[in-house]
Amino acid sequence: METCIITSPLGFTKIIGDSNGIASVTVLNSEEIPTDIIPEILEDCVIQLNEYFDGTRKHFNLKLNPQGTDFQKGIWKLLEAIPYGKTTTYLELSKTYGDEKAIRAVANANGKNPLWIIVPCHRVIGSDGSLTGYAGGLRRKQWLLEHESPYKQQSLF
């Protein structure tokens with residue numbers, strides 16, 4: 001597996017992958033030294049993440065290879081279907097999965113998503129519209145949702 005660390009508006013980001021695809025993209029909560037030379041196998045992921053943060057990319061086109069159970073992978077596939085700029089709830093995601101009683105398992109699988117931003121778990125919110133748990137922290141979740149929102153806050157001055 002190849003690894004690199006890049007900077008993003010939300011902190012240092014670690015990318016892991018190989019010829020089978022991108023296995024992990026995580027935001028780090030510590031200061032890191034960005035990678036000088038990006039491994040060729042990870043270059044497209046870095047480019048697409050930078051385009052996302054620049055606001056020029058709304059969909060990722062990467063070969064993915066996350067590691068998880070079949071259930072987790074199924075939930076992650078459902079997350080990929082949430083459109084850019086839209087949100088859904090854990091309950092709606094459970095219903096889409098086909099079992100609204102599985103809401104806790106669905107939320108747990110959402111929290112174990114290893115592909116930060118690319119598989120948009122940040123687009124899942126509480127049924128009351130609240131920003132519920134997020135592995136990257138609620139501040140980052142709010143930033144991502146505002147970044148994707150078609151309604152930008154205008155400056156009064």
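Q: What makes α3 roughly perpendicular to α4 in this predicted model?
A: The axes of helix α3 (residues 90-97) and α4 come within 9 Å and cross at roughly 105°. Angles of 65 to 115 degrees count as roughly perpendicular, and therefore α3 is described as roughly perpendicular to α4.

Q: Which residues make the contact of α3 with α4?
A: On the side of α3 they are Y90, L91, L93 and S94, and on the side of α4 they are I103, V106, A107 and N110. Six of the residues in this contact are nonpolar, two are polar and none is charged.

Q: How do you know that the buried residues of α3 are on the same side of the helix?
A: The buried residues of α3 are Y90, L93 and S94. Because they cover an arc of only 100° around the axis, they are placed on the same side of α3. In general, an α-helix has 3.6 residues a turn, so residues three or four places apart point the same way.

Q: What covers the buried residues of α3?
A: The cover includes α2 (70-80), β4 (88-89), α4, β5 and α5 (138-148). Just after α3, G98 takes a positive phi of about 110°.

Q: Why are the buried residues of α4 said to line one face of the helix?
A: In α4, the residues V106, A109 and N110 are buried. Seen down the axis, they fall within an arc of 105°, so they line one face of α4. Their cover includes α2, α3 and β5.

Q: Why is C121 called buried?
A: Buried means under 20% relative accessible area. C121 has a relative accessibility of 7%, and therefore counts as buried. C121 is found in the loop between α4 (103-111) and β5 (124-125). Apart from neighbours within four places in sequence, C121 is in contact with L79, N110, N113 and Y134. The UniProt annotation "active site", from an unreviewed entry, covers C121.

Q: How do you know whether H122 is buried or exposed?
A: The relative accessible area of H122 is 0%. The cut-off for buried is under 20%, so H122 is buried. H122 also has its place in the loop between α4 and β5. Leaving aside neighbours within four places in sequence, H122 is in contact with Y52, I117, Y134, K141, L144, L145 and E148.

Q: Why is T26 called partly exposed?
A: Partly exposed lies between the cut-offs of under 20% for buried and over 50% for exposed. T26 has a relative accessible area of 29%, and is therefore partly exposed. T26 lies in strand β3 (residues 21-27).

Q: How far apart are T26 and W116 in sequence and in space?
A: They are 90 residues apart in sequence and 5.5 Å apart in space, C-alpha to C-alpha. Apart from neighbours within four places in sequence, T26 is in contact with F12, T13, K14, P114 and W116.

Q: Which residues does UniProt list for the domain "Methylguanine DNA methyltransferase ribonuclease-like"?
A: The unreviewed UniProt entry lists residues 6-65. This span is 20% helix and 30% strand, and its end C-alpha atoms lie 20 Å apart.

Methods
Residues numbered from 1 in each chain as written. Predicted model: local features only at pLDDT ≥ 70, side-chain atom pairs only at ≥ 80, totals over all residues. Heavy atoms only, no water. UniProt positions renumbered as here; feature names shortened; annotations may be inferred. Helix = DSSP H or I, 4+ residues; strand = E, 2+ residues; numbered from the N terminus. Buried < 20%, exposed > 50% of the residue type's maximum accessible area, 1.4 Å probe, protein only. Contact = heavy atoms within 4.5 Å. Axes fitted to C-alpha atoms, helices over the stretch in contact; angles between N-to-C directions. Parallel < 35°, antiparallel > 145°, perpendicular 65-115°, else oblique. Nonpolar A, V, L, I, M, F, W, Y, C, P; charged D, E, K, R; others polar. Arc of directions from axis to C-beta.
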